[in-house]
Amino acid sequence: MGASGVPATKSGLGSTLRRDAWWVEVLPVIVVLGGFGLYATLRAFEGKFYEWGPYLSPFYSPLIDANHRWWKLSPAILILGGPLSFRATCYYYRKAYYRAFFLDPPSCAVGEPKRKYSGETKFPFILQNLHRYALYLAIIFLAFLWKDAVQAFFFDGKLGMGVGTLVLLVNICLLTIYTLSCHSLRHLAGGKLDCFSCATFGKPRHTAWRGLTFLNERHMLFAWLSLFSVGFADFYVRLVSSGAIQDVRIF
Ligand code: FES
């Protein structure tokens, strides 16, 4: 029986007794996630228009060997593994792209391709279990992006604010909330614990766990909002840096 209460069918890809438009959920994932993947890849390999004034594109942060002393390709490639591993192993994104791109299954109670099922117990999908370590890596990247957001308030050493400052600030706030809503982080705070009052630091852990649970229940929303914001922040820096638009100074 599928999660929707409809009996699952075994008669092949796409077969179902469901009468609703189940595929409507899959299409936006294909378009948005696929589009973002394409855009991010092109931008990472472009290797230019990634900074302007105090603004640095999040795709290139932290900026390593921008002068190509020892690394001849785009500096974005040096740091791509960090954010990519965090998103790619995210519990929510796994569900989304398994359905949209692997059709495995395309949706609840909808037939999947006939192949031997080994879940995430074999290579390469067993690597998904590294998500908790990708979380530690993501927290390091957040620190760099916060530094970039603060730096975006200083124009030639003087305090100021432009539209780009706000774009970078909103982006890092959304990325932080997305990270805080991570299932692995919630597990770190309160997982494997039956009794908070019996545990060391039980009270603060319980408070943290409740706060993280609130965010975790909205993880899908933050996953999408932060994806849009990081893409837009890069796009904005690219437009300003290439001269396609001018940054507006607020003060
Ligand atoms: S589960 Fe989505 S970021 Fe950790």
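## Aromatic rings, cores and a helix crossing

Ring pairs join Phe86, Tyr92, Tyr93, Tyr178 and Trp224 into a cluster, where rings of Phe, Tyr and Trp (its six-membered ring) pair if their centres lie within 6.5 Å, with planes under 30 degrees apart counted as stacked, over 60 as edge-to-face and the rest as tilted. This is a predicted model, in which local features need pLDDT of at least 70 and side-chain atom pairs count only at pLDDT 80 or more, while totals for chains, interfaces and linings use all residues. Residues are numbered from 1 along each chain as its sequence is written, and side-chain values use heavy atoms, with hydrogens and water left out.

The largest nonpolar core has 24 residues, and those with the most contacts inside it are Val29, Leu33, Phe86, Tyr92, Tyr93, Tyr178 and Trp224. Such a core is a set of buried Ala, Val, Leu, Ile, Met, Phe, Trp, Tyr and Cys residues joined through side-chain atoms within 4.5 Å; buried means under 20% relative accessible area, exposed over 50%, and partly exposed in between (1.4 Å probe, protein chains only). Helices H1 (26-46), H4 (91-100), H5, H7, H8 (202-216) and H9 (219-242) each supply at least two residues of this core, helices being DSSP runs (H or I, at least four residues) numbered from the N terminus. The largest share, 6 residues, comes from H4. Leaving aside neighbours within four places in sequence, valine 29 is in contact (heavy atoms within 4.5 Å) with Gly34, Ala96, Ala100, Phe101 and Trp224.

| Pair | Centre to centre | Angle between planes | Class |
|---|---|---|---|
| Tyrosine 98 and phenylalanine 125 | 5.6 Å | 85° | edge-to-face |
| Phenylalanine 102 and phenylalanine 125 | 5.9 Å | 65° | edge-to-face |

Tyrosine 98 lies in helix H4 and phenylalanine 125 in the loop between H4 and H5, 27 residues apart. Tyrosine 98, at 15% relative accessibility, counts as buried, whereas phenylalanine 125, at 29%, counts as partly exposed.

Helix H5 (residues 131-151) and helix H7 (residues 183-190) pack at an angle of about 95°, with their axes 9 Å apart, and are therefore roughly perpendicular to each other, a class that covers 65 to 115 degrees. Their contact is made by His131, Arg132, Leu135 and Tyr136 of H5 and by Ser184, Leu185 and Leu188 of H7.

Technical notes:
Axes fitted to C-alpha atoms, helices over the stretch in contact; angles between N-to-C directions. Parallel < 35°, antiparallel > 145°, perpendicular 65-115°, else oblique.
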